Amino acid sequence: MAIVYFASTAVERLEASATLPAKFERLLDKFPLKKMVKGKTVAVKMHLGWRIVHTTIHPLFVGILVKKLKEAGGKVFVTDSPAHVLDAKRRGYTEGTIGAPIISVGGFREKYFYTKKVDFRTLKEIRVAGEIHDADVMIDLSHVKGHGHCAYGGACKNIAMGCVAPKTRTDIHSIGWGLEWDEELCKHCGLCIQACRYGANKFDKNNRYRIDYHECVFCQHCVNACPQEAIKMDMSGYVDFQEAMALSTEVVLKTFKPGTVLYINFLTNITYLCDCWGFSFPSLVPDVGIMMSEDIVAIETASLKAIKTRNFIEGTLPKGRELFKGKHLLEKIHRKDPYVQVNALERRGLGSKKYRLVEVK
């Protein structure tokens, strides 16, 4: 059974040693880092965010991680896509503050990658970013949050979308979605646009119906509003997207030897949408803490279980948004089951949903 180490944000006494940064150090001490990283090149893959987002993993924590990795003998660099790397310094991520250089996963123009052939729906290749592919060890340092496309973004998304070239990200996003538009039936009356309270649909300059799936919650108001039945629901597209995420993650992980990938999930500032939007939202629930594991399925399962509906903070959704029916809080927000990607990871043999939680005080 996999072990998921956990450090809570709860402070039991008024001492610095009882707070999360100190607990994070003790969390890292639980793992034999020297055995994993000594003499090896270590890629710390994280989402640095951009523009005015302020809810990413704080540079203080990144610095603690880098220091521990270097003390264990690793040759460390922090990495993300070029746009986020270029914007990182302005928001406090520098070699001086975190202790390691910050480089692009695939070069400045993202043209450095290795192509791996796959065969899933329209997805025929995964372009693994060069700096990820060439690293000996990867620390998957993820900020847990909600996500418009897949309800949940954590360790899987950080790899599936963050460790690949732009074309692969585009190919995954373009895999069939859950709403189908029949151009021949459509009369362009606009009732579907009026029915969408989220501004998720429009007719483009060519008068073709377009959907922004970051905003779409699959409420089916547009489907019900259409008098011509030109819009139909097909949930298989959503499942395909999640499956493609799991496949991309699997392909990236296969470039590493067993025992050379460590997953760290920060369950702090758990917001409505992803950091890639370039701005932040209020936290949906109080901060939970930090989790660490060698098993991606276990840590994703544990992270999702820690986000509880009963802890939802009223007023933290954007104006006009509301909770729908669903089993998980993120499903109630985005109308998409966050466990689909976790189940897909498990089916691919990348880990197990069975785990033991070990709290580090």
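Predicted model: local features only at pLDDT ≥ 70, side-chain atom pairs only at ≥ 80, totals over all residues.

Tutor: Residues are numbered from 1 along each chain as its sequence is written, and side-chain values use heavy atoms, with hydrogens and water left out.

Student: Is α12 roughly parallel or roughly antiparallel to α14?

Tutor: Helices here are DSSP runs (H or I, at least four residues), and strands are E runs of at least two, numbered from the N terminus. Axes are lines fitted to C-alpha atoms, for helices over the stretch in contact, and angles run from 0 to 180 degrees between N-to-C directions. Helix α12 (residues 296–306) and helix α14 (residues 339–347) pack at about 160°, with axes 9 Å apart. Angles under 35 degrees count as roughly parallel, over 145 as roughly antiparallel, 65 to 115 as roughly perpendicular and the rest as oblique, so α12 to α14 is roughly antiparallel.

Student: Which residues of α14 does α12 meet?

Tutor: Contact means heavy atoms within 4.5 Å. From α12 come I296, V297, E300, T301, L304 and K305, and in α14 they meet Y339, Q341, V342, L345 and E346.

Student: How many residues of this contact between α12 and α14 are nonpolar?

Tutor: Ala, Val, Leu, Ile, Met, Phe, Trp, Tyr, Cys and Pro count as nonpolar, Asp, Glu, Lys and Arg as charged, and the others, Gly among them, as polar. The contact has 3 charged and 2 polar residues, and the nonpolar ones number 6.

Student: What is the volume of the largest cavity?

Tutor: On a 1 Å grid over the protein atoms alone, a cavity is a set of points where a 1.4 Å probe fits but cannot get out; a pocket is an open set with protein on both sides within 12 Å along at least five of seven lines, and lining residues have an atom within 4 Å of a point. Grid points are joined across faces, edges and corners, and a volume is the space filled by probe spheres set on the points. The whole structure holds 2 cavities of 30 Å³ or more. The largest cavity has a volume of about 110 Å³.

Student: Which residues lie nearest the centre of the largest pocket?

Tutor: The largest pocket holds about 400 Å³ of space. Its lining has 11 polar, 6 charged and 4 nonpolar residues. Of the 21 lining residues, those nearest the centre are H47, H84, K157, R169 and C276.
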